[in-house]
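Subject: Structure handover

Hello,

Here is the structure for you to look at. My notes follow below it.

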Amino acid sequence: MAGVGKILKQAQKMQERIENAKTELANAEIRVSHGGGAITIVVNGDGDFKSLTVDPEFLKEDPGTVEQTLLSAIREATAQSKTLNRKLMAGATEGFALPVF
């Protein structure tokens, strides 16, 4: 059963890499600006929103423009967070393969 021992060691290493990736994602800071910097959103790699800054002058614009700009910033921040999450988690699980019996 040497194969089982090898699999368990691989699984333990993968678990360590996953925990490291989780820590890195929680500490990551993804900053997205839209509207020429009028709106800035900061999220982490888990997709948690950390801050939202809106230039007060920008709020004087047409409400539809403000809403669209805000929505675009939220979508981009979310997409970048998901991309980082997938990348780090794929790296953490890379190389782990269960044998076929």
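The side chain of Asn44 reaches the backbone nitrogen of Asp48 at 3.0 Å. A second contact of that side chain goes to the backbone nitrogen of Asp46, at 2.9 Å. (A polar contact is a pair of N or O atoms within 3.5 Å; within protein, one must be able to donate a hydrogen and the other to accept it, and residues adjacent in sequence count only if both atoms are side-chain atoms.)

Before going on, the basis. This is a predicted model: local features need pLDDT of at least 70, side-chain atom pairs count only at pLDDT 80 or more, and totals for chains, interfaces and linings use all residues. Residues are numbered from 1 along each chain as its sequence is written, and side-chain values use heavy atoms, with hydrogens and water left out.

Asn44 sits in the loop between β2 (39–43) and β3 (49–54). Helices (H or I, at least four residues) and strands (E, at least two) are DSSP runs, numbered from the N terminus. Asn44 counts as buried because its relative accessibility is 2%. The cut-offs are under 20% relative accessible area for buried, over 50% for exposed, and partly exposed in between (1.4 Å probe, protein chains only). Leaving out residues up to four places away in sequence, Asn44 touches Leu25, Ala26, Ala28, Ile30, Lys50 and Ser81. Contact means heavy atoms within 4.5 Å.

**The sheet**

The chain has 2 helices and 3 strands. From the N terminus, the order is α-β-β-β-α. The 3 strands make an open sheet, β1-β2-β3, with antiparallel pairing. Two strands pair if DSSP finds at least two bridges between them. β1 and β3 are the edges; each has a single partner strand, so one side of each lacks a neighbour in the sheet. The twist averages 10 degrees from one strand to the next.

β1 and β2 are joined by 5 bridges. They form a hairpin with 4 residues between them. Gly35, in that turn, has a positive phi of about 65 degrees. β2 and β3 also run antiparallel, over 5 bridges.

Ile41 has a bridge partner in β3, Leu52. Val32 stands opposite Ile41 in β2. α2 packs on the sheet and touches β1, β2 and β3. Its direction makes about 155 degrees with that of β1. (Axes are lines fitted to C-alpha atoms, for helices over the stretch in contact; angles run from 0 to 180 degrees between N-to-C directions.)

**The cores**

β1 (residues 30–34) has a covered face of Ile30, Val32 and His34. Arg31 and Ser33 make up the uncovered one. The largest nonpolar core has 10 residues, among them Ile30, Val32, Ile41 and Phe58. β1, β2 and α2 (63–93) each supply at least two of its residues. A second, separate core of 6 residues includes Ile18, Ala21, Leu88 and Ala92. A nonpolar core is a set of buried Ala, Val, Leu, Ile, Met, Phe, Trp, Tyr and Cys residues joined through side-chain atoms within 4.5 Å.

**Overall shape**

The C-alpha trace spans about 70 × 25 × 15 Å along its principal axes. The radius of gyration is 20 Å, whereas a compact globule of 101 residues would have one near 13 Å. (The radius is taken over C-alpha atoms; the globule rule is 2.2 Å times the number of residues to the power 0.38.) Of the 101 residues, 24% count as buried.

Regards
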